[in-house]
Every structure is written in C-alpha cells, then in structure tokens.
Amino acid sequence: MERKCGFLIPYLIMLIAEGMPLLYLELAVGQRMRQGSIGAWKIISPYLCGVGVASVVVSFFLSMYYNVINAWAFWYLFHSFQDPLPWATCPLNSNRTGYEEECEKTSSTQYFWYRQTLNISPSLEASGSVQWEQALCLTLAWLVVYLCILRGTASTGKVVYVTASLPYCVLIIYLIRGLTLHGAVNGLIYMFTPKLEQLSNPKTWISAATQIFFSLGLGFGSLIAFASYNEPTNNCQRHAIIVSLINSTTSIFASIVTFSIYGFKATFNYESCINKVILLLLNAFDLEEGSVTADNLNEMKDYLMATYPQEYAQLAPQIKNCSLEAELDTAVQGTGLAFIVYSEAIKNMEVPQLYSVLYFFMLLMLGIGSMLGNTAAILTPLTDSRAIASRFPKEVISGVVCFVNCIIGLIFTMEAGNYWFDIFNDYAATLSLLLIVLVETIAVCYIYGIRRFEKDLYTMIGCKPNWYWKTMWAFVSPLLIISLFIFYLTDYILTGTLQYQAWDATQGQLVTKDYPGYALAVIGLLVAASTMCIPLGALVTFIRKRLKRERISTVA
Amino acid sequence: MLRALLLTLSVVAIAHAELCKPDAQNAFKVRISIKTALGDNAYAWDANEEYLFKAMVAFAMRRYSSKSTTQISNVLLCNVTDRVSFWFVVTDSSKNVTTVPGSEVEAAIRMNRNRINNAFLLSDKTLQFLKITSTLSPPVEPSTPVWLIVFGVVLCLIVAGIVFLIISGIRKHKKKNKESTERENLEEKVEVTLENGIPCEALDIKAGHVNGVFAADDERFTSL
C-alpha cells in the first residue's frame, strides 16, 4: 500500500508507540500459551475466547479477498512476456482508423486495468458475469497458496525464506534502476519534504497507525499462531525489536524506490504534457520546429497571445497548464492505482519486459507471503482443536479452507467485483483490528495482570521487561487506539452516507456514487461479524458458567 | 509574340494561384516534422525536396489510375511555411484548369502511403496529410495468447508439486500406520495424557515435550 510524503514522522512515532510493544506482546502470548489465538486467549481468561474467534474471523475475511491481488499480479506477470507491453499502447478501434474511444479519453495503462483486466461495470448494482481469465488466475493463486501450506506450518517456514528474501533482491535492482532514472530526484525531494499541514491532519496519523498494524500483522492471530511453534525459551523480546526495525527499514527502503519511480513517472508525464502544448502551438501557428521549447514556452505563449489574439483565444481551451507538482500530487492509494502507476512507469523504461516481470514477481512473493500468514492464522486453531484434527488429516483441512475461499473469491472476479473488493479492503479489517488489539492489550495488562505477565516473561527468557515496555502496554498504546477509534467513528458520523468510486467508461474517469442499501448491509455485517464475537464470547462463557454453577448447586 | 507568351504565363500563374490556395476545393494540407523524426540527421526542406514531393504524388496518381498522364507539373504546391506545412493540389491536364477530385487523390495517396513515407525517411505521424486518415496496422497477434501459454506452464508445475506432496504424505502416513500397528501389537495401549486440556501429541508437534512455564530448565533448580 502506498503512502504520501512527509509520512516518515508519524510512521516512526507510531512504530515506537504501538508497533514494537504490541508485537512483543503478541509474540510473548503465543510463545507462553503455546496455542493459536483462540486457545491462547481462553487461557488468559475464559471470558476472552471471543477475541481469538474475532481474530480468526478477520483473518478469514482477509484471506477471502486478499488473494485476488495475487490473481491480478499473476495476470500482469503473464502479460509481461510480450513486446510491446499490452498496456503501452491503446488497441485499435473496429475500422482501424484510430484508437478505441475509451482508451483515447483515458490513458492506455488505465484502460488496460479497468477494461482488459477487470472489465469493470459502471456501478455496483450491475454485477455482470464472472470473468473467466480472472477466475483462472484466482484458481492458480489459491493452488500456489495450497502448495505452500499443504504440509503445515513447518513447511511454510521454508517457503517464507524464499518469499521474504526475493523481494529484497528485486528492491535493490529497482533501487539502482530507479535512482538512475530521469526525474527520480523530483520524487525523492517530494518524499522527504515534510508537509506541516499534513502533520496536523489526524488522518495522516491514522493511516500511519493502520499501516503499522497491517505491515506487522498485529491482531490477525497469525503472530500468536507462529509464536506458538517457537521454543519456550526463545528470546521474543529481541525478536520483536529486530522484526519491527527490519520491517520499518524495509518500508522506508521500499518508499525510496517507490518515490524515485513515481518521480520518473511524474516528470515523464509533465514533459509529455509540455510537448503536447508545444506541438499544438507549432501546428496552429505554423511556426518552425524547434522555435518553441520548454524553456521559452511561456514567452512564446505571451507573444502569440499578443500577435494573434483571435486564433489564440480559439485555441486557449485546449492549452493545458502543465505542472510537476500536480503530477506528483495525484493521490496514490488503493491497490488498483498501485498497478496503474507502476505499469505506467515501467512501460517508459528501456527493456520494459524485464522490469515488469521483476516487479510483478516481487509483488507476487509479497502477496503470497501475506496469504501464508493469513491462512496460518485460520488453520492453527482448526488443527489445534481435537474434534477436527483427529478426524481429518491436515492436507484435507487446508484443501477445504483453500477451496471454500476460492469459491467465495469468485465474487471478486465478476464485473462489479472490484467494488466489492474495495468494500472488503476498507471495512473488513480496519475497525475490527483496532478493537481486537485494544482488547488484547487491556486483557494482558489488566485482566491477566501485568505483574503475572512480567513473571512469565522472566521465566521464559530470563529478563524482566523494562519501564518502556510496561508504560507502552499499560497506558500509551490503549490510549492511542481509543483515540483512533473515536476519530474513525466521528468521521463516519460526520460524513454521513458512505460513497465509492465507480469507473465511468464514457468519460474515462472515476465518479463518486453512493452505496446501495444491500452494500451498506454487507459493510455492517463485516464489521459486526468480527467485533460482536468478543462480547458474544464473554456472554456465552458467562451463561455456561452460570449453568454449571446451578447444576452443581442443585446436585449438592 | 513576347506579349502573348507573357499573357499566357500570367494566365497560367493566376489559374494556378486560383487552384492551389488554402481550403481550396480538392486541396490537401501537408505537415512535415523533419526534426522530430530525424533529430540531428534532419535535412533542410528546400526546392529539391518539393520537387521530390511533387514526383511522389505524381507517381502515386499514376500507380492508382494506371494511366500515365499525370506529370510532375500537374502537382501544385503553395503556402509553404516554416513549420514545414503546405497545400497541394493535382490538376488534370486533359481538362483545362480543373483539379482531380479529392477522393481520387486521397485513394491514391492511401495506396502508396508507405512508399511516400519512405522516400522522405518519415512516418505516418511525421508526414501528415491532414484530411487523409491513415489505416493503423494492428499489432501481430499469435494464435494462442502468450499469457495463456505462460499460465499453462506455471499451472502444470504447481499441480505437479501438489500431487507430489500429497502422494508422499499419503505414503508416509501409511508407513507410520504400519509401524504403529506393529508397535501396538507388542505393547499395551497407553492412554492419552492431557496437559492443560491439550493432548501431549499436539504439544509434541510444537517442539515442546515439557511445558516450559511450569517446569523451567532443570539447571535453575538445585539437583537432588
């Protein structure tokens, strides 16, 4: 996921205040309780079995929609073996006199994404049919995930060696390529100049926090699941610090690469815009080639406006004001835009096929790595439970999980699939994660008791957590999360109804539309399904205990 | 005699000026961008290049209509600007002071566009006939799309890997079953031990025979 500039300060602060302490907490809980998320929280307090279930539900939602990104990465990867790249030029229209109309209105990369990859419908209501090409890629993506988790977490560990190290190689190649591109410096300057008005905007801090949560994988239950396989004496404190530092360094490193490529793309577009204006002026006024250049463009415009006022006035609506800042400011967010921006930058490089293959292969490795974490979070509770694990071998359990997710994932390959994807992407995880992590911190600090937890850590790794960890766990992190929560809710209440961006083929751009009723119901269900698990779990345990007590008292 | 000659020449010149002017009937505007196409190797546009252009248009007309009546002098150029752009018109020598219909000229140019472009080392974009749209060549499409081929290769590899892992897993399971039934015949059945509500077998999978919290390293305790 991409970020805007001046992001480093909130990002680093959120990392120190939330990322590292919560990572240590989850690793320690998993290592101490030696079970997946459901069992681990049950041990801490029987009323908290809902937390584990909520984590599993969130992971389940995530695995449903996240693999579609891998399907798209496969699609782009397979299409990178052509010359020229299919998104570099527009296809011709039916009588071969020009390019397709929709492609003319927008750019060839956007056309390739919206029309040839997604075949997107104009709104959420028009569902359309399942796109067989995307369905094939989705099936392949799930088969790859199944191959990696087939033998259980032990084998997944070996796969992660590859999926975690390959992206670094590609990033280094891209760093060298990116920094040598023309215009990369513009992007880097843009990235490192802090924009003070952005720092005062709470949305920046929220995106920083969400970014930390997602990249470290807090609240999904996958960390607890993985940590439960660790040796009991494993030094999870050191690991937590190392992991978060490596994670942040990688993020910053990746941002440098991203912004240098972004600067290249923005400079290229800016120069193309200027060249178009120059060509327009040359053709309209029959001036000699080379008389108007980028340097004297403004003087020439003034001169022409003075000498031929009438013709210039006629031409004026077509003359665009090209600005480098405007190109750099175009918002970069959402998975679709990530595909568009990068494919646009790649098509302008030399040997674009090589860079395209490398980039989408790296994206695939990262996506599969994330999917492995998600599926581990779902499978560990299933294989932990005696009822299921004794009856079916783990190959069958993994197979059923992958198959069910694949079938549900076919929804996202329909023509309106991308709109449903955006719903899941925006609402399935964010609020629920915040709540889960908040309950986790409060549970460990106040219900389980921070002194008891301290003693456990001392028994496990031989040293007590110092004041930094304890302050963060007990005060800073919960307070931060509560304030984020409050902001989300007030933001939603203030803006009223929820809206989404739909692709309008006739205009060649995105338009804002309101969600229909049933989509709002689905959003509500998504958020409720995971958050309600926590109070429901507590309620169920309370009722069970009550019934047991009554049974005992009637027996006695 | 001289006066008659001068008169005819001026009439011809006026006629030519009448026939070839911007937006005249059957006239076409041409726009040439030599510097964009050739960069440093650009040649200058002078009278010789104009002569070549007239020759190419005459050639195109001859090839199209298959009658050898069009001469270079039938092609008239006018309003040459610095851009480089100019208007041209093709006159009909059989009928006096008329121009060949625009549709014929258009068809002739279309048919020979490639030859005309190559004569000037230019392309459809850099040698533009403004009213004549060029037919764009479609990209070469192989019979099976390339992506399907790559997809097929990757799919076969993945499926082969899955089948291999499943079969080796089944074989290992069968071997373990055979060994455990042999062992059971020798020993009596041990009941499942539970620790903290978890069977010890599940704990074994997680690399912990001993729950490290309740029984820490033996080194911490003094040996009895």
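In chain B, 59% of the contacts (heavy atoms within 4.5 Å) with a separation of 6 or more join residues 24 or more positions apart. The structure is a predicted model, in which local features need pLDDT of at least 70, side-chain atom pairs count only at pLDDT 80 or more, and totals for chains, interfaces and linings use all residues. Residues are numbered from 1 along each chain as its sequence is written, chains are lettered from A and ligands numbered from 1 in the order in which they are written, and side-chain values use heavy atoms, with hydrogens and water left out. The model scores ipTM 0.80 and pTM 0.81. For chain B the mean pLDDT (the predictor's confidence in each residue, from 0 to 100) is 79, and 77% of the residues reach 70 or more. Where pLDDT is low, the predicted coordinates should not be read in detail.

Chain B contains seven helices and seven strands; helices (H or I, at least four residues) and strands (E, at least two) are DSSP runs, numbered from the N terminus. Along the sequence these elements follow the pattern α-β-α-α-β-β-β-α-α-β-α-β-β-α. Of the 224 residues of chain B, 30% are buried, where buried means under 20% relative accessible area, exposed over 50%, and partly exposed in between (1.4 Å probe, protein chains only). The chain exposes about 15,200 Å², of which carbon and sulfur atoms supply 58%; accessible areas come from the Shrake-Rupley method with a 1.4 Å probe, and for residues only the protein chains shown count as cover. One of the loop residues of chain B, B:Asn74, lies between helix 3 (47-65) and strand 2 (75-78). B:Asn74 is buried, with a relative accessible area of 7%. Beyond residues up to four places away in sequence, B:Asn74 touches B:Thr69 and the residues B:Val89, B:Val90, B:Thr91, B:Asp92 and B:Ser93.

Attention now turns to the nonpolar interior. A nonpolar core is a set of buried Ala, Val, Leu, Ile, Met, Phe, Trp, Tyr and Cys residues joined through side-chain atoms within 4.5 Å. The largest such core has 146 residues, among which A:Tyr24, A:Val29, A:Trp41, A:Tyr174 and A:Phe453 touch the most other members. Helix 3 of chain A gives the most to this core, with 19 residues. A second, separate core has 27 residues, including B:Met56, B:Val105, B:Ile109 and B:Ile116. The contacts of A:Tyr174, not counting residues up to four places away in sequence, include A:Val257, A:Ile261, A:Ile346, A:Met349 and A:Tyr359.

At the surface, A:Tyr47, A:Met532, A:Leu536, A:Leu539, A:Phe542, A:Ile543 and A:Leu547 form a nonpolar patch with about 650 Å² of accessible area together. Patches are made of residues with over 30% relative accessible area and no salt bridge, with like charges joined within 9 Å and nonpolar side chains (Val, Leu, Ile, Met, Phe, Trp, Tyr) within 5 Å. A:Leu547 belongs to helix 25 (residues 533-555) of chain A and is exposed, at 51% relative accessibility. A:Tyr99, in the loop between helix 3 (49-78) and helix 4 (101-105) of chain A, is partly exposed at 33%.

Nine salt bridges are found over all chains, each a side-chain nitrogen of Lys or Arg within 4 Å of a carboxyl oxygen of Asp or Glu. In one of them, the closest N and O atoms of A:Glu101 and A:Lys105 are 3.2 Å apart. These two residues are four residues apart in helix 4 of chain A, so about one helical turn separates them. A:Glu101 is exposed at 57%, whereas A:Lys105 is partly exposed at 43%. A further bridge joins B:Lys29 to A:Asp286, at 3.5 Å between the closest N and O atoms. This pair crosses between chains, from strand 1 (residues 28-32) of chain B to the loop between helix 12 (236-285) and helix 13 (297-307) of chain A. Both B:Lys29 and A:Asp286 are buried.
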